[in-house]
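Let's walk through this one together, a piece at a time. Have the viewer open and follow along.

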Amino acid sequence: MSTDTQTSGGATPVLELKGLCKSFGGLHATRDVSLRIMAGDRKAIIGPNGAGKTTLFNLITGIYPATSGNILLFGQDVTTWPSHRRTALGMARTFQVTSLFPKLTVLDNVLLAIKGLRPSKFVMWRVLSSYRDVYEKAHQLLEQANFLDRKDTEVRNLSHGEQRQLEIILGLASDPKILLLDEPAAGLSSGESIEMTKFLMGLDPKLAILLIEHDMDVVFDVADEISVLHFGEVLETGSPEQIHSSARVQEIYLGTD
Amino acid sequence: MVTQKFKILMVLVALLALAIIVPNSGSFVVLLTTRALCFAILAMSLDILLGFTGLASLGQAAYFGVGAYLTAVLATKFGFGLGWDFWLVVLLGMLLGAALAAFFGLFAIRATGVYFLMITLALGQCVWGLAYRWNSVTGGDNGINMNGRPAFGLDLTNEITFFYLVFAFFVASMAIMYVLVRSPFGRSLEGIRERELRMQILGYNTWLHKYIAFIIAGAFGGLAGVLWAHTNGHVSPENVVLTTSVDALLMVVLGGAGTLVGAVIGSAIVFGLREYLSTLVPWWQYALGAVYVLTILYLPTGLMGIPARIRQWRGSGKSEDSTKLTAKALASKPS
């Protein structure tokens, strides 16, 4: 789809994928995926289990090397870059399987996340607790998410819903310009899911979000545009209404082919 | 709840007690404590890797060995490091340990878990092989006998004076490593121990962090070796052999990994048991073995984990409930 590199408005896309492919041996997990996300876009990727959604995220964040194709972040080709350099450009992600630091406290988790992009992460002659600005930032983040009262709790003692929320707080700690959310509502009760949707809708409108989600209520509320992934391929892209009424999408979800 | 300040105070009191009691005990105790302090520095350096970064190294004796051999070779062959230049040897020992770790790290850091263990073991044995075979420099199996300790204003042949010197190095190492593990860099190591992938996604170059930690541990290993050479007066391949690495590892695990203080306690117990038991009973090695097995089976968090265990056992889940209750009570409060 993306034949032209520059967009009509002259603005550079936050994230652009060009003909991205990934094979694991004979399994083609991602096939020729092209995607463009501008600042402030809210895009969702849906698809049945095993469609290659998380693989796509792992390619974008550099956990897996791409077999072919290109990944551009803010116009820069980052296809062969390691994860931490991509993060430094302004990308953040959360994980489908909660991926926090279980034996550290909530506050320490957030502190690590904030420090990730600061050069002072290499400082060894000064204790971390002497960095006022980092602590203030952590307090601010935790306050926004109503987590301040639990800041000294070890993360392994939090409930699943709280851990899912903390996943996103860690993602936001580096002030990203694009946030990749891998099933933020996975395993949440319907009440918690609504909370999560509200939280996502309340985020900075300039932040671009790419969302993988199975909970369609969350997807339809948060996303302006939805891409359907099936066997690693983008099957259809459109507004939530279009996708909702698409016969092909219904087919793959109900499995009547 | 024991606060951090109270913990530091306890350690300071213990150190003060050590500095007062040991010199007033017999010469055997002084010598034993000096040796244990050398190994405590080695064990703490390993704790940076094992306890804080989550890398179980079986080659820590290599850095200890190069530090010790460097000191012995310089002293016996060149007469270097026996005056004020002793301080230069300390620096050189740390640099050599760091340089060796920087070289070994290139091979070892790419691996994790049991593979890291195997690579460090293999590299450590290379150094042992060198010490054992390179007769012209290391004296082979006989090792190197050193004659006399450095003299620079202090009379280091006096065991008590020498104890104070090693004690000072030990306290300084402990203080430096304590600041290190609580610094942003040290906390990042803990993050890598807990979940390395997340750290990469958060923007940390985890390879580099682990590599730096490996080099720092090597430097302190080298320092421990320099001190050991002068403590023992004799350096042999026995100091570099796998058993020494294993001893260091067991000291850390016995005392409690990830605490620094645990490594010191582990070192004290191993030396104490070994020296005292061996004079009492012929089967002392079995006793030491039993202590190791029991610790790993019943106290995976080491001796330093006992207070937490007792608290958990007495509360048996009650404490966790209460934290949740207070959290809820706070959450319901309008802020």
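Start at Ile46(A), which stands opposite Val228(A) in S9(A). Keep in mind as you look that this is a predicted model. The pair belongs to a spot where strand S3 (residues 42–46) of chain A is joined to strand S9 (residues 225–230) of chain A by 4 bridges, and these two strands run parallel. Strands of a sheet pair through backbone hydrogen bonds, either parallel or antiparallel.

Now zoom out to the sheet around them. In chain A, 6 strands line up in the order S6-S7-S8-S3-S9-S10, making an open sheet with mixed pairing. At its edges you'll find strand S6 (91–93) and strand S10 (233–238) of chain A; each has a single partner strand, so one side of each is left without a neighbour in the sheet. On average, neighbouring strands here are turned by 20 degrees against each other, ignoring direction.

What packs on this sheet? Helix H1 (residues 53–60) of chain A does, touching S3, S6, strand S7 (178–182), strand S8 (208–212) and S9 of chain A. The direction of H1 makes about 150 degrees with that of S7(A). Helix H2 (residues 83–90) of chain A lies across S6 and S7 of chain A, running at about 115 degrees to S6(A).

H2 of chain A turns up again where the two chains meet. The contact takes 31 residues from chain A and 26 residues from chain B. On the chain A side, H2 and helix H3 (106–115) each supply at least two residues. That side of chain A divides into 13 nonpolar, 10 polar and 8 charged residues.

Elsewhere in chain A, have a look at Glu162(A), found in helix H5 (residues 160–172).

Finally, hop over to chain B and helix H12 (residues 261–280). At 1.5 Å a residue, the 20 residues of H12(B) should span 28 Å, and the end C-alpha atoms are 28 Å apart, which agrees. Buried residues in H12(B) include Val261(B), Gly262(B), Ile265(B) and Phe271(B). What do the buried residues of H12(B) pack against? Their partners are helix H1 (4–21), helix H2 (27–53) and helix H11 (242–255) of chain B.

Technical notes:
Residues numbered from 1 in each chain as written. Chains lettered and ligands numbered in written order. Predicted model: local features only at pLDDT ≥ 70, side-chain atom pairs only at ≥ 80, totals over all residues. Pairing = 2+ DSSP bridges. Axes fitted to C-alpha atoms, helices over the stretch in contact; angles between N-to-C directions. Contact = placed C-beta atoms within 7 Å. Expected span 1.5 Å × (residues − 1). Buried ≥ 20, exposed ≤ 12 C-beta atoms within 10 Å, placed from the backbone. Nonpolar A, V, L, I, M, F, W, Y, C, P; charged D, E, K, R; others polar.
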